[in-house]
Amino acid sequence: MMTKPMKWFCRMGGKSKFSKKDIDGMKKTAALKATDRNSYSWNMDFYPYDDGSGYEARFSSCGICKLMKEYGLYELTPALCHLDYTMTDASGTAEFVRKYTLASGGPYCDCGYKKKV
């Protein structure tokens, strides 16, 4: 999965992680509530960490979960969720933290990003 182009893509994304543009984009995405109009998209909320160490995107609906169920491949979905760790690690700027995924039966999917020090 981590081909040279994918590693490059992750590193480029990492360069702007935690920037004002990144934070503003997360807030806009949260306000969009896209699943309300497209069931194959996501609804999420944005939570900055109180200590300034990063933020969490908390998803209440997941378009990939819906699609994988429709194709009868839902049991593979947690493996896709695990790619969040790999892609964040490849960014070089953040540590990915998670407690729950919707795909594993959690109440939501939390995608936490902590600044590497």
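Exposed means over 50% relative accessible area, and buried means under 20%. These terms are used in the views below, which show a predicted model.

**View 1. Helix α4 and its two sides.** The face of α4 turned away from its buried side carries the exposed residues A79 and D89. Buried in this helix are T77, C81, T88 and S91. They line one face of α4, because seen down the helix axis they fall within an arc of 60°. Their cover includes α1 (4-15), α3 (63-70), β3 and β4.

**View 2. Length and end of α4.** The helix runs over residues 77-91, 15 residues in total. From first C-alpha to last it reaches 22 Å, close to the 21 Å expected at 1.5 Å a residue. G92 follows α4 and has a positive phi, near 80°.

**View 3. The largest nonpolar core.** This core has 19 residues, and Y55, C111 and Y113 have the most contacts inside it. At least two core residues come from each of α2 (20-32), β1 (42-48), β2 (54-62), β3 (94-97) and β4 (109-115). Strand β2 gives the largest share, four residues.

**View 4. Surroundings of Y113.** Apart from neighbours within four places in sequence, the contacts of Y113 include K17, F18, Y49, S53, G54 and Y55. Also in contact with Y113 are T88, A94, E95 and F96.

**View 5. Cysteines without disulfides.** The structure holds zero disulfides. For C10, the nearest cysteine sulfur is that of C111, 14 Å away. C10 counts as buried, at 6% relative accessibility. For C109, the nearest cysteine sulfur is again that of C111, at 4.2 Å. C109 is buried as well, with a relative accessible area of 10%.

Notes
Residues numbered from 1 in each chain as written. Predicted model: local features only at pLDDT ≥ 70, side-chain atom pairs only at ≥ 80, totals over all residues. Heavy atoms only, no water. Core = buried A, V, L, I, M, F, W, Y, C linked by side-chain atoms within 4.5 Å. Buried < 20%, exposed > 50% of the residue type's maximum accessible area, 1.4 Å probe, protein only. Contact = heavy atoms within 4.5 Å. Disulfide = S-S within 2.5 Å. Expected span 1.5 Å × (residues − 1). Arc of directions from axis to C-beta.
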